[in-house]
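Have a look at the sequence and the structure first.

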Amino acid sequence: MLKVEHLYVSFTKEFYTLNDINLELGDSSRLTIIGNKESGRTAMLRTLVGLEPVAKGEIRYKDIPLEKVDFERDISLGYLPAIGAFLDNKTVKQNLEYVIDIRSKDDSFKNVKVNNALVEYGLDYIKNKKVKELNYLDKLKLSIARLSLRNVEIFLIDDVFDRLSSIEKDKIIKNIKSFIRTNNASAIVMTDSEDVAKKFGYPVKYLVYGTLQDQAEVEDVDNKK
């Protein structure tokens, strides 16, 4: 599904933001990566979706190099950034309808899919509210609802959890896990929280100053301090 080999990413000449990242994610495999804000977690996800250039190394989806991947035909990728991009002056419902309009002009199909997403993600009561008026939690639910309108094979989730209350966090984690399970999707979840990682229950790796490590490596470094 996804293979990353000796990946380096740099935004300056002085140092690499990501250093020799090696990662393999099979079909329906899930992984949580724990890292703080300086770890390079957002840079890693943005690079995996082609939004940042690769300095060295290779990313492959279904054995196709990233630069040759057709995201319309080769693989269905779902990316959940910490700050989503919306049609801010359109309503919640219109934002969902836009996703369906790109793929189908069948009004009855569109209405069923949109209404189901509104109910599933608790957005029905604000469906006529403009996105620019929403709080962070409702924008996050809208982002997940939009992704739910298509089949996703691999789901990449940035750290969307740190601005949520404990109750909100649990609901969003439940929504994301349900989405992944329903799609039988592969997934990478980024977080800075051991608690969030535990609630997902996926295998864990650590991103430390741009280097991907197993727990044993992190514990070994801590023991030497």
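Helices (H or I, at least four residues) and strands (E, at least two) are DSSP runs, numbered from the N terminus. With that in hand, α3 (107-120) and α5 (166-183) each supply at least two residues of the lining of the second largest pocket. Of these lining residues, five come from α5, which gives the most.

What you see is a predicted model, in which local features need pLDDT of at least 70 and side-chain atom pairs count only at pLDDT 80 or more, while totals for chains, interfaces and linings use all residues. Residues are numbered from 1 along each chain as its sequence is written, and side-chain values use heavy atoms, leaving out hydrogens and water.

Now let's turn to a single residue. Ile59 lies in strand β4 (residues 56-61). Is Ile59 buried or exposed? Ile59 counts as buried because its relative accessibility is 3%, where buried means under 20% relative accessible area, exposed over 50% and partly exposed in between (1.4 Å probe, protein chains only). Ile59 and Val4 are 55 residues apart in sequence, yet their C-alpha atoms are 4.6 Å apart in space.

Next come the strands. Two strands pair if DSSP finds at least two bridges between them.

| Strands | Sense | Bridges |
|---|---|---|
| β3 (residues 30-34) and β9 (residues 204-208) | parallel | three |
| β9 and β10 (residues 211-213) | antiparallel | three |

In β9, Lys205 is the bridge partner of Ile33, and Val208 stands opposite Thr211 in β10. β9 and β10 form a hairpin with two residues between them.
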